[in-house]
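Thanks for coming, everyone. Let me put the model up on the screen, and then we can walk through it together.

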Amino acid sequence: MLVLTDASGARGAYTIAATPGAVPPPLAAAGSALPLWQAALWAALGGLILNLMPCVFPILAMKAMGIARLSGAARGAVRGHAASYTAGVVLSFLALAGAMLALRAAGGVAGWGFQFTSPLFVAFMGWLMLAVGLNLSGVFQIGGPVALGSGAASRGGHLGSFATGGLAVLVATPCTAPFMAAAIGAAMLMPPPAMLAVFAAMGLGMAAPYALLAVFPGLAHRLPRPGAWMERLKEVLAFPMYGAALWLLWVLAQQVGPEGLAAALAGGLAIGFAAWALGRAQAASGPRGRWAGRGGAAIALLAALALLPQLGGAARAATGGASAATIPGEEPWSEARLAALRAEGRPVFVNMTAAWCITCKVNERVALSGEAVRQAFAQRNIAYLKGDWTDGGPAIAAVLRAHGREGVPLYLVYPAGGGQPTLLPQILTESLVLDSLPPG
């Protein structure tokens with residue numbers, strides 16, 4: 001007898017008949033269907049495609065500025081900056097893999113994009129995107145992630161390229177590209193060295209377009225020469241950063257509700273003041289003005305950081321990150337509700353999503369909101385269950401892991417009358433959804 005209790009306290013009991021047989025192999029040996037070389041290949045392809053996913057678009061602004069500045073640099077400088085960026089990407093992927101291993105060893109839940117389940121991380125990233133945008137708009141000037149290629153031979157420029165690679169990985173994790181799901185699922189069942197190798201391959205795939213400059217530095221000289229146009233481009237590219245900051249605030253609102261959002265907005269105001277004060281200090285002609293500006297910036301930055309504990313203790317929004325129903329009759333997912341619907345013999349479509357998952361939102365808009373899909377669900381009496389993994393809960397994490405996934409989205413189609421579900425790809429189209437639905 002198996003008894004399951006979901007987060008709401010609902011319980012379901014199931015009788016399981018099993019015939020004694022041979023002892024199954026360990027999970028790590030049985031679950032990893034992909035050999036290491038294939039998992040690494042798929043990881044590299046997924047990392048390459050990840051550059052085209054919408055969550056990486058803001059960082060493309062920083063990459064564009066760096067590549068444009070490298071067009072007038074020496075071949076050695078081009079190789080150095082490309083290598084620095086590649087190292088930043090690969091080491092960040094390895095750090096993510098190490099964090100996932102450590103959290104799992106401690107009994108926690110960690111999957112792809114797990115850091116976005118923390119309101120503190122989401123707020124910090126939103127503030128960081130705002131600061132990067134203000135830097136690109138010329139409010140202040142500082143080295144680091146936005147100073148790509150500045151001073152081709154300077155140490156700070158290479159640190160900027162390295163930091164840009166790390167930031168690109170952090171903001172890419174809300175998206176999942178094709179090939180990545182199977183690669184990550186297989187990697188999490190491998191021994192730690194093999195898992196790290198798969199994540200390193202993913203990093204090399206993501207860094208491949210920029211890494212080509214290290215192999216063929218002459219490509220940089222085919223780009224337009226640096227000039228006044230770069231300053232205008234830099235100002236325009238600030239707006240994707242502001243857009244990323246707004247999106248992260250929207251995600252935060254789903255996690256912590258109005259009170260937490262108010263704290264994050266106050267922190268954003270403090271970050272904006274700190275950027276302005278630092279810019280005034282950099283423009284000051286005397287030491288008194290420089291020290292006053294720097295002091296004001298430091299105080300504002302500390303004020304923003306002091307707001308973070310309020311975000312950590314804020315209650316989650318009552319909506320649970322839910323938006324308007326994609327399919328009429330949408331219900332929250334739970335194991336008990338799924339079991340009840342299957343006991344009735346109804347077909348069920350399960351959508352595991354999260355507020356911070358951009359791939360999920362695009363799929364819902366493009367593939368699940370059309371009139372043809374809505375009519376098909378209604379005519380065939382298909383139940384639609386939607387699970388929200390915004391907070392990284394263990395119940396949905398267990399379902400993801402049971403189907404070889406380490407992150408959302410996850411789409412399952414259960415046939416009428418019982419049977420194993422069909423696992424859909426993580427990138428959907430309307431025709432793919434219609435073809436996967438059981439007949440009425």
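Let's start with Pro439, which counts as exposed at 71% relative accessibility; buried here means under 20% relative accessible area, exposed over 50%, and partly exposed in between, using a 1.4 Å probe and protein chains only. You'll find Pro439 in the segment after helix 17 (430-436). From C-alpha to C-alpha, Pro439 and Arg380 are 6.7 Å apart in space, and they are 59 residues apart in sequence.

A quick word on what you are looking at. This is a predicted model, where local features need pLDDT of at least 70 and side-chain atom pairs count only at pLDDT 80 or more, while totals for chains, interfaces and linings use all residues. Residues are numbered from 1 along each chain as its sequence is written, and side-chain values use heavy atoms, with hydrogens and water left out.

Now the overall picture. The protein has 17 helices and seven strands; these are DSSP runs numbered from the N terminus, with helices being H or I of at least four residues and strands E of at least two. Of its 440 residues, 47% count as buried. If we take the contacts with a separation of 6 or more, residues 24 or more positions apart account for 78% of them, and contact means heavy atoms within 4.5 Å.

Let's look at one helix pair. Helix 2 (residues 36-50) packs against helix 8 (residues 192-215) at an angle of about 35°, and their axes are 7 Å apart. Those axes are lines fitted to C-alpha atoms, for helices over the stretch in contact, and the angles run from 0 to 180 degrees between N-to-C directions. On the helix 2 side, the contact includes Leu36, Ala39 and Gly47, and on the helix 8 side Val198, Met202 and Gly205 are among the residues involved. So what classes of residue make this contact of helix 2 with helix 8? There are 14 nonpolar, two polar and no charged residues. For that count, Ala, Val, Leu, Ile, Met, Phe, Trp, Tyr, Cys and Pro are nonpolar, Asp, Glu, Lys and Arg are charged, and the others, Gly among them, are polar.

On to the rings. A pair of aromatic rings is described by the distance of the centres and the angle of the planes. The structure holds 11 aromatic pairs; rings of Phe, Tyr and Trp (its six-membered ring) pair if their centres lie within 6.5 Å, and planes under 30 degrees apart count as stacked, over 60 as edge-to-face and the rest as tilted.

One of them joins Phe116 and Trp247, a tilted pair at 6.4 Å centre to centre with 40° between the planes. Phe116 lies in the loop between helix 4 (75-105) and helix 5 (119-136) and Trp247 in helix 10 (residues 238-283), so this pair ties together parts that are 131 residues apart in sequence. Is Phe116 buried or exposed? It counts as buried, at 1% relative accessibility, while Trp247 is partly exposed at 23%.

Another tilted pair is Phe349 with Tyr411, at 6.3 Å centre to centre and 40° between the planes. Phe349 sits in strand 4 (residues 348-353) and Tyr411 in strand 6 (residues 410-414), 62 residues apart. Phe349 is buried at 0% relative accessibility, and Tyr411 is buried at 0% as well.

Asn363 counts as buried at 2% relative accessibility. Leaving out residues up to four places away in sequence, Asn363 touches Leu368, Pro409, Tyr411, Gln426, Ile427 and Leu428.

Finally, some backbone details. Most residues other than glycine have a negative phi, and most peptide bonds are trans. Pro409, in the loop between helix 16 (394-402) and strand 6, has a cis peptide bond from Val408, with omega near 5°. Asn381 is not a glycine, yet it has a positive phi of about 55°. Where is Asn381 found? It is in the loop between helix 15 (371-379) and strand 5 (383-388), and it is partly exposed, with a relative accessible area of 42%.
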